[in-house]
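Trainee: Please take me through one part closely: the helix packing. Then set it against the rest of the chain. Keep it brisk.

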Amino acid sequence: MPTQSSAPAASPVTVAAGSVRFGNHLPLSLIAGPCALESRSHALEVAGALKEMAARLGIGLVFKSSFDKANRTSAGSSRGLGLDQALPIFAEIRETLGLPVVTDVHEPGHCAEAAQAVDILQIPAFLCRQTDLLLAAAATGRVVNVKKGQFLAPWDMAHVAAKITGAGNPNVLLTERGASFGYNTLVSDMRALPIMAGVSGGLPVVFDATHSVQQPGGQGATSGGQREFVPVLARAAVAVGVAGVFIETHPDPDRAPSDGPNMVPLRQMPALLAELQAFDRLAKARGSEGVGG
């Protein structure tokens, strides 16, 4: 069985999304935003607030939100605005706020259309082995962020990454978001971070701090979550050394239509990010090159 020690050290790769650079050896970057698009005004409000705090902290920011939550626990749950309504909102955020944007894609047919308005196409964890989806995302030339499946070992992500890079697109991010641990529970194995960097040849690794505290289906018809543990896991991951953190945030998470229990209140983000930057500086001052070194 492969282990961390069997993953060769690799020179870290730098991947750029707009003006934001991701690299396991570079200062920490941030992917953040509400889980699902709720409206144009809501998206612009959150994106504007995040841009302001990112500028104060000097941290690279990619705005994230989903046009469709295709993997909801219940068929009765809200899925989002849909691709046609979402693309003009994403384009406006890019043009008026100057922020790179990432959104999930669920089908190969989504990729080329979404790529017109976003900088990063994100492959959901449940779909990370869907070859046709990965190849369609790769073909756009956009950065592709792949969430590691809750069912995969970290070394299995080498094959996932190879499908994209083998198709001629080297712009790949790999994101850890926890592994299934019994029923309705995830656990984060911090060994996964250096392992994924090693087996992928130094690709940037991102830690998803909010989905890692999700409790899938934990509230019966909806998923639960333990947002109080987001800072705990984020500090641990950043102390290991990663290229970026993924944090979903909302002005009022308890009233959000999706993933409210694990989203961080927007007002808490500045203090959390400042703390993570301090951990990041310490981790990368050791002389290593992050998780890939």
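Mentor: Contact means heavy atoms within 4.5 Å. Keep that cut-off in mind throughout. This is a predicted model.

Start at Glu38. Glu38 sits in the loop between strand S3 (29-33) and helix H1. Its relative accessible area is 29%, so Glu38 is partly exposed. Another pair is worth checking on screen. Glu38 and Arg79 are 41 residues apart in sequence, yet their C-alpha atoms are 9.8 Å apart in space.

Now move into H1. Helix H1 covers residues 40-57. The axes of H1 and H2 come within 10 Å. They cross at roughly 35°. The crossing of H1 past H2 is right-handed. Look at the residues that meet there. H1 brings Arg40, Ala43, Leu44, Ala47, Gly48 and Lys51. H2 answers with Ile89, Glu92, Ile93, Thr96 and Leu97. By class, the contact of H1 with H2 divides into 6 nonpolar, 2 polar and 3 charged residues.

Helix H2 spans residues 83-97, and helix H3 spans residues 108-115. Their axes lie 10 Å apart and pack at an angle of about 30°. Under 35 degrees counts as roughly parallel. H2 and H3 are therefore roughly parallel to each other. The crossing of H2 and H3 is right-handed. On the H2 side the contact is made by Leu83, Asp84 and Leu87. On the H3 side it is made by His110, Glu113 and Ala114. The class count for H2 with H3 is 3 nonpolar, 1 polar and 2 charged residues.

Next, the wider setting. The chain has 8 helices and 15 strands. Of its 293 residues, 54% count as buried.

Take Val242 first. Val242 lies in the loop between helix H7 (230-240) and strand S14. At 0% relative accessibility, Val242 counts as buried. Val242 and Pro27 are 215 residues apart in sequence, with C-alpha atoms 8.8 Å apart.

Met196 comes next. Met196 belongs to helix H6 (residues 192-199). Its relative accessibility is 0%, so Met196 counts as buried. Ala153 is 43 residues away along the chain, and its C-alpha atom is separated from that of Met196 by 9.3 Å. Leave aside the neighbours within four places in sequence. Met196 is then in contact with residues including Lys148, Pro154, Met157 and Leu174. Thr175, Glu176 and Val205 are also among the contacts of Met196.

Ala167 is a loop residue. Its place is between helix H5 (157-165) and strand S8 (172-176). With a relative accessible area of 45%, Ala167 is partly exposed. Beyond four places in sequence, Ala167 is in contact with Leu135 and Ala138. Ala167 and Ala138 are 29 residues apart in sequence and 6.5 Å apart, C-alpha to C-alpha.

Finally, two backbone angles for your checklist. Asn184 has a positive phi of about 55°, although it is not a glycine. Asn184 lies in the loop between strand S9 (179-180) and strand S10 (186-187). It is partly exposed, with a relative accessible area of 39%. Asp259 also has a positive phi, near 60°, in a residue other than glycine. Its loop runs between strand S14 (244-250) and strand S15 (264-265). Asp259 counts as buried, at 11% relative accessibility.

Notes. Residues numbered from 1 in each chain as written. Predicted model: local features only at pLDDT ≥ 70, side-chain atom pairs only at ≥ 80, totals over all residues. Heavy atoms only, no water. Axes fitted to C-alpha atoms, helices over the stretch in contact; angles between N-to-C directions. Helix = DSSP H or I, 4+ residues; strand = E, 2+ residues; numbered from the N terminus. Parallel < 35°, antiparallel > 145°, perpendicular 65-115°, else oblique. Left-handed = near helix turned anticlockwise from the far one by under 90°. Nonpolar A, V, L, I, M, F, W, Y, C, P; charged D, E, K, R; others polar. Buried < 20%, exposed > 50% of the residue type's maximum accessible area, 1.4 Å probe, protein only.
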